[in-house]
Structures are given as structure tokens and as C-alpha cells.
Amino acid sequence: MLTDTAIETKLSSMTNQPSIKMRGEKVDVFYGEKQALFGVDLNVPEQQVMALIGPSGCGKSTFLRCLNRMNDTIDICKVLGNITLDGEDIYDPKIDVVELRARVGMVFQKPNPFPKSIYENIAYGPRIHGLTKSKAELDEVVESSLRKAAIWEEVKDRLQEPGTGLSGGQQQRLCIARAIAVSPEVILMDEPCSALDPIATAKVEELIDELRVNFTIVIVTHSMQQAARVSQRTAMFHLGNLVEEGPTDKMFTNPDNKLTQDYITGRFG
Amino acid sequence: MVSYLLIILLVASIASAMAGLHRARRQRDLATIKVHSRPIYHALNAAIWTGVPAFVFLLLWTLGEASIQDMLVLSSFPGADQLSGPERDLLISEIRQVQAGNLFTEPSPEILAAVDHLKSLELIFNWAMVAVAASLASIGAFFGYRIIQDRYQARYSVERSVTWFMIFSSIVAIITTLGIVSSLVYEAYQFFTKVPFAEFFFGTRWEPQIAIRADQVAGQGAFGMLPVLFGTMVISALAMAVAVPTGIFSAIYLTEYADQRFRSVVKPLLEILAGIPTIVYGFFAVLTVAPAVRSLGLSLGIDAAPNSALAAGGVMGVMLIPFISSLSDDAFAAVPRAMRDGSYALGATKGETIRKVLLPAALPGIIGGVLLALSRAIGETMIVVMAAGLIAKMTLNPFDSVTTVTVQIVTLLIGDSEFDNPKTLAAFALGLVLFTITLGLNLIALQTVRKYREKY
Ligand SMILES: Nc1ncnc2c1ncn2[C@@H]1O[C@H](COP(=O)(O)OP(=O)(O)OP(=O)(O)O)[C@@H](O)[C@H]1O
Ligand SMILES: [Mg+2]
């Protein structure tokens, strides 16, 4: 089945545009009777950082959680429409959600390390997916994940201490390392810096920029500066609708939509 | 007599509260400055002044009255000063019996004289009590009424009284506990003066049926507690084997899998189990479960007694399920949602999340529940009295009958017994052992539960 995506991949390689990693078409989300997203069409480009912005309660987290089906854990939540990962419908009954979440990892707003040792926090994912065959290999995965998350130097001497004993910023980078350890293709981040101080935030932002080389990243943020600093593309949500989507430079200098302009310049939100 | 006095006292307190309220209102209306306390506090204060001193007096008086009367009667009884402690107790109770009109034989003239003495004493005591209580109440009422002034801090005074009342209540609880424990320790000490320490703690024979009177035929008596303790452990182990897995799995199902409707029906049902009186479990065990267990054992070709450890332990296990399930349920529910999300987002299945994240995080809470259930199992009496057996045996066969510490305490204290007899005193020693074990378990349980609370 030579799908649209395959064609698109070809096209994009010709035009030097990044290909599309995830695609959302007419996504409606309901929490019980209440509709939280209205026909959102949004594509996530590969190996780039996409920022989702918009006022509180507009559905950014909801959309993000559709991308790895975390909404399945909420009983009353219903998702309609079509979301694909590399052209495959992720809501297809044949899709194993466990496998999907291994490919699309997630970092939460509040750092949530398990009450286990730092080592065990990272080893958790590789273990449940059987990614490593030996202890040595697991050690290696742990180290490289911690290195990629730019926290190795800080924790290498205390791998057996509880992850909950780290500072907030360290915990968040630990959670990023934990997500990296299963080698996902996409990492979803829901306001990953909202609980962090400016220095820790800077570290995480730097990290996101480095991770872009290997991963596709979608980040929800309330900080316009952060969106401008780390993302290549930005999508603006309002009241459950996608208002506008485009290259970050353009969105921040010359948005098409009045709403976007007002939001970015802080006139509402 | 005392109850009438109490009612009168209550009425007097209410009356002085009314009077106080009236006076306080009038003062407030006349006052040129802002009054310190609202009239209701002045009223309460007046009531406290009227009622409490007299009430405390009555309480102490009724507690101490009898022993003072006894002392006075005995001091004038001819030859009483040569009697030993227990003999004096006997004499006094005889006098009191005669006074109450319970005659078994024709009392001697000395006793009759003592009864007369006692009667006159009681009369004096009663009138003295009334007089003192009445004067305390009226002095209190007078004072409480007079003290009402616009700047008098009645609110502080009432609050202080309430604080004292709370302190008093907690002291009552502490003193009762201390009293029970110290009498346990004292009687156990008496026991150890008659039976050596080592025999009790390390002996393997438990045959407490010794002669009470010299002319009775009975065994020599052996007080090795090991077989009894062993029985307790076997039954508790069986009970825990039923209760722990059932409780934990039902908690996991209820918190993680069941939908809201199922949960809202089943959880209260489970808690009803905890409300069934143990005697009901007891006859369920002895009438229904024990015969079934016996026929099962016989059909398996095992030597099965009509009363079995399995029947008692199994039913006790059912009784303990709600303890474990509801504490584990709380422990699971207390694990933050973020932990679950973190695990699911890494692609963990529900089973993996439960096993690797929820169970370890909830473990201290679960252990707390298990330990509390265990101390219940060890102290449980009714079910085992009815369904376990009486003969102390060291056996691991669950179809055999065993006996437990609690059962032995009951049998030791039932029927005629003397309080200086090792057979009776053994009950206190066993009680002390039981108390120590359950106290230890409870302390550990509370400790783990507390540690767990600090975690998140
Ligand atoms: N679990 C839920 N149950 C019911 N309604 C929900 C739930 N989660 C979100 N909603 C509703 O869906 C709408 C979108 O919520 P969402 O969390 O996606 O907003 P958001 O853009 O992430 O906001 P914020 O910036 O404050 O995080 C809101 O109106 C919210 O009330
Ligand atoms: Mg959100």
C-alpha cells in the first residue's frame, strides 16, 4: 500500500521539506458530553520541534495525549477522527497501544519519577519491553540515556539513590532520560518546564534542541519565549480549535490570524 | 441516692446558667465599654462553677466511700487486726452480704454488731455527702453569679475548663490502660513465683488441669506455653493464608479494574464482612465449615478431627479479608495518578504497572494492613473457642484440632477457680504474652503506615 505518506516522503525529499511523522485529521475529542477538540487537522513534522500554544483549557494537552493514546486511561474520554504515525492509523484496533507508547514517549508537566532508584527509573522501560539481553547492555542503555538527557554527570555516582531525592529540574531530566531509554521516535512534552526554575529550564531547553537530531518532539508550553527558542513550527489552539499553524518564525513575526497575534503579544490568554 | 443528687445538680447548673445569662445580658446592656465575653459564656461559666466542683466531689466520694467504711468497721471488729489480707476481705464481704440480706447461715453476734456499725456509718456518710455537695454547689453558684462583670473574661475561663475536660478524658483512657497492663504484669509475676520462667517459655507440655482442692484427683500440671503458642501460630497462619491473597487481589481489582458502579456496590459489601459479630463467624465455623473440612480430610485419608485448625483458621481468614482489602485499597488509591501515567506512557501494560509501580509504592500500606489483621488473628477468641479445640498439641496437620492462647485463657478462667492457684494465674501469664505480641505487631504496623504516609 503506497500511501499518501510514501508519496509525501518522496515529495519532501525533493523539496527539502521535512517529512510528516504524525498526522491528525478531523480530530474530535469528547470528555463525556463535553467536547474538548473540534476537528483539529495538524501534522507533526519529523525531527523537528513543534510547539503547541494557546490559552489555558484550549485543548493542547488533550491533543497531545491523543498522539500516544494516553486518553485511553480516562474512562469518559472519546476520540474521533484519524491520527496516523508513519501513515499507520494509531486508533486501529489492530494497533497494540503498548507498542505505540514505546514509539511515542511522553514527559509530563510535573516530574514524576518512580519511587525507585535512579538506575531503576531508567531501566524500567527497557526491561518491560525486553530491549536488552544482558546486564551490561542495560547498564549501557542507562548511561547513554542519562547522557542524552544531560544529567549523567550529576547522577553517575548516585545511581542507586532514589530518583525522588533529586531536585525538580534533575527529576524532569531524569523523566526525559526515562522516556529516551525506550528509544521512541516521538517524544511528547506537556509543559515540561513549568515546575522548573530558569536555570533548570535553560538546561531542558538546550536538551530539547539536541534531542531534535534523533527524535520528533511535540511540546506544549505557556511561555512564548520558550516556543520561539526551541521550536521550528508552532500551532495555536483556542477553545478546542486549531487557529493557525506554521513555521515558528512566521508565527511570531507575522501571524495570519488576529487571535494568534493578540495571544503572542500578550493581549489575552 | 447519688443518682438523685446528680439530677438535682444538673438542674441547679441549668438554673444558674439561666440566672447567669440574665445577669450578663443586663450588664451588657448597661455597660459603657465593650464587654469581653458574650453572655452565653458567662452563663456556661456559671453552670460550670455550680456543677463541676460538686460533681468531682461526688465522683471521688463514691469511689472512696466503701473502702473507708470497711476500714472503720474492721478497726472496731474484735480480733480483726490479727487477720491476714485475704481473710479481712472475706470478713468484710461477709458483713456486706449480711447487710444486703443475703443470709446463708445464722450470722454470729460479732458480725451482727458490725452490720449495725456499718449501717450507722452509711447513714452518716450519706448525709455528709449531701451536705458537702450542696454547699459546694451553692458556693459555686454564688461565686459564678457574682463574678459576672462586663470585663470578666468568661470566655477564657470556659475554654480553660473545656481544655481540662479533654485532658481528663485522655487521662482516663491512659490510666485504664495502665491499670489493665499493671494488673496483668502483677498477676503474671505471681504466676512466675509458682512456675519457673523456663518451664513456661520453653516447656512443650501444656496440661494445666491440676488439683484445686487437696482431695481432688488430677495431674501434676504442666505449664509449657509452646504448644499453645504453636496452635495460635498455625491458626493465624491459616487465616492469613486465606485473608492476605484474597484481600490484596480484591483491592487490586477494585481500585484498578472494576468500574465505578461495581466498586460502589462491592466495597460496602466487603465492609459489611467486618461488621459481622465474631460469634456468628464462630457458629458458622463450627456448624458448617468444620464438618465439611472433616469429611474432606477423611476422604483424603487424613486423620481429621471434628474440630480443626483449618475450619477455625479458614473462617477467621474470611473475617480478616475486609481489614486487608480496605487498607490495601487505600494504599493503592493513595499512589498518585502521575505514577500510573508515567508507567503507561512508557508502554507498560496494566499488569506491569500494578506489579512494578503500584505494588512497591503501596507495599508499606499493605504491610500495615496485614500486620493489623495478624494481630487481630492472634487475639481472636470467639471463633477459635467454638471451632478450634481444647487440647494443646504440636501439630502441623491442619485437619487436626489445636488450641490457642486465647482459648486456653478462656478455659482457665471458666468455672471455680482460686486466684492464688497457678492454673488461674497462668491465664494472666498467657494474657501478658498475647498482649506483648499484639502490641509489638501494632507498633510495627503503625510505624510502617506512618512512614508510608510521609512518602508522597
Ligand atoms: N479528564 C478530564 N475530564 C473532563 N474534562 C477534561 C479532562 N481533561 C481535560 N478536560 C477538559 O478539556 C478541555 C481541554 O483541556 P486541556 O487539558 O487539553 O487544556 P490545556 O490546553 O492543556 O490547558 P492548560 O494550558 O491549562 O494545561 C478543558 O475544558 C478541560 O476542562
Ligand atoms: Mg495542559
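Student: Which residues make the nonpolar surface patch of about 1,100 Å²?

Tutor: The model is a predicted one. In it, the patch is a chain B feature. Its members are Leu6(B), Val52(B), Phe55(B), Val56(B), Leu59(B), Leu60(B), Leu63(B), Val162(B), Phe165(B), Met166(B), Phe168(B) and Val172(B).

Student: Which helix gives the most to the nonpolar patch?

Tutor: Two helices of chain B, α2 (39-75) and α5 (154-194), each supply at least two residues of the patch. With six residues, the one that gives the most is α2(B).

Student: Is Leu59(B) buried, partly exposed or exposed?

Tutor: Leu59(B) belongs to helix α2 of chain B and is a member of the nonpolar patch. Its relative accessible area is 36%. Buried would need under 20% and exposed over 50%, so at 36% Leu59(B) is partly exposed.

Student: How far apart do the C-alpha centres of domain 1 and domain 2 of chain B lie?

Tutor: Domain 1 of chain B covers 2-152, and domain 2 covers 222-452. Between their C-alpha centres the distance is 48 Å.

Student: In which sense do strands β1 and β2 of chain A pair?

Tutor: Strand β1(A) spans residues 20-31 and β2(A) spans residues 34-45. One facing pair is Gly24(A) opposite Leu42(A) in β2(A). The two strands are joined over eight bridges, and the sense is antiparallel.

Student: Which residue in the turn of this hairpin has a positive phi?

Tutor: The hairpin of β1(A) and β2(A) has two residues between its strands. With a phi of about 65°, the residue in the turn is Gly32(A).

Methods:
Residues numbered from 1 in each chain as written. Chains lettered and ligands numbered in written order. Predicted model: local features only at pLDDT ≥ 70, side-chain atom pairs only at ≥ 80, totals over all residues. Heavy atoms only, no water. Pairing = 2+ DSSP bridges. Helix = DSSP H or I, 4+ residues; strand = E, 2+ residues; numbered from the N terminus. Patch = residues over 30% accessible without salt bridge, like charges linked within 9 Å, V, L, I, M, F, W, Y side chains within 5 Å. Areas by Shrake-Rupley, 256 points an atom, 1.4 Å probe, with all protein chains shown as cover. Salt bridge = Lys/Arg side-chain N within 4 Å of Asp/Glu carboxyl O. Buried < 20%, exposed > 50% of the residue type's maximum accessible area, 1.4 Å probe, protein only. Domains from an automatic or database assignment.
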